[in-house]
Amino acid sequence: MRPIKRVILTGGTGAIGMALIKKCIENNIAVLIIANPNSERNSRLYQWLEHDSDLIEIVECDMTSYNSLCFNKTYDAWFHLAWMGASGKGRDDMHLQNKNVSCMLDAVDAAKKAGCLVFVGAGSQAEYGPYDRKIKETDATNPQMGYGIAKLCAGQMGRMMTKETDMDFVWTRIFSVYGPYDGPNTMISSGISALLAGKTASFTMGEQQWDYLYSEDAAHMLLMLAQKGAGGNVYNIGSGMTRTLAEYIEVFAKEIGKKEFVSLGAIPYGSNTLMHLAADLSKYCQEIENIQLTPFEEGIRNTIQWMKEEYERPEVEGR
């Protein structure tokens, strides 16, 4: 088991990144956050300095400049969550996705300079392509978009780069995650936002069987993999359980008290709609721990409360 006392994190402003910072603070782990200087969400990171300045340090550095980073102390782990074009049209921008691979390889080199024992990379279920059952790490990869291709390439190249070094490389394939600080355009975030505003929330028929994991559980799994994950290995990160999207929608609509504002079937299925998306967690459970996950009802209640508080903040009035 690796001793994890000081870590480096990129991509800290999203749902998983913010949850990972919180998890590290709870475990008295110091975090050096590498922040994108052009991000409009950096205020999220600086809020940690108000109460946890002894454990948090922030350095602003663009993804394309990781090779310029210098460190005045050694670190135990590097968590690489930063990625450009993770949603929307950017997922099929091949030049942008190729740049992501190069930036991640620079991050691997920077982690070596920082003396890290392990590099934990955030890959994606998109590396697998479509399946109609739970997906194992040993299943064939057949990505259907530039984003998945780039993630797969980054994971394979990173593993090769660290093969003859003292730093272990652990690659994760993350399935669907929800929680505070999630992007506004995801199915859950956009649906909750519409309902909180008293607007109609439009969806497909919601027959898709999906696996959703609460962000704090995802952060916990990443931290455990930094401690126990075998170098060179790939691990799925998900809940291992599925419901239809319609069932997830019913849960958060009921919690908000606006079920009548839900419109299922208003949006047609797209040609590339994934009808089944689920992680097989047997490898994680066998090698790392038998994790106890946050029930969706509890996680979504926390998420809704956070979104209510965000909506009421003065700086976002009228959005």
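This is a predicted model: local features need pLDDT of at least 70, side-chain atom pairs count only at pLDDT 80 or more; totals for chains, interfaces and linings use all residues.

Residues are numbered from 1 along each chain as its sequence is written, and side-chain values use heavy atoms, with hydrogens and water left out.

Start with the nonpolar cores, meaning sets of buried Ala, Val, Leu, Ile, Met, Phe, Trp, Tyr and Cys residues joined through side-chain atoms within 4.5 Å. Buried here is under 20% relative accessible area, exposed is over 50%, and partly exposed sits in between (1.4 Å probe, protein chains only). The largest core has 74 residues, and the members touching the most others are Ile21, Phe79, Ile188, Phe252 and Ile300. Its top contributor is helix 7 (residues 215-228), with eight residues. Helices (H or I, at least four residues) and strands (E, at least two) are DSSP runs, numbered from the N terminus. Apart from this core lies another, of 30 residues, including Cys116, Ala126, Ala154 and Trp171.

Back to Ile21: not counting residues up to four places away in sequence, Ile21 touches Leu9, Gly12, Ile33, Leu45, Trp48 and Ile56, where contact means heavy atoms within 4.5 Å.

Now look at helix 6 (residues 187-196). Seven of its 10 residues are buried, so the helix is largely enclosed by the rest of the structure. The buried ones are Met187, Ile188, Ser189, Gly191, Ile192, Ala194 and Leu195. After helix 6 comes Gly198, with a positive phi near 75 degrees.

Three strands form an open sheet in the order 12-9-14, with mixed pairing; two strands pair if DSSP finds at least two bridges between them. Strand 12 (243-244) and strand 14 (276-277) are at the edges with a single partner strand each, so one side of each has no neighbour in the sheet. Strand 9 (residues 209-210) runs antiparallel to strand 12, joined by two bridges, and Trp210 stands opposite Arg243.

Finally, Gly265 is in the loop between strand 13 and strand 14. Gly265 is partly exposed, at 39% relative accessible area. Gly265 and Phe203 are 62 residues apart in sequence, yet 5.9 Å apart in space, C-alpha to C-alpha. Leaving aside neighbours within four places in sequence, Gly265 contacts Phe203, Thr204 and Met205.
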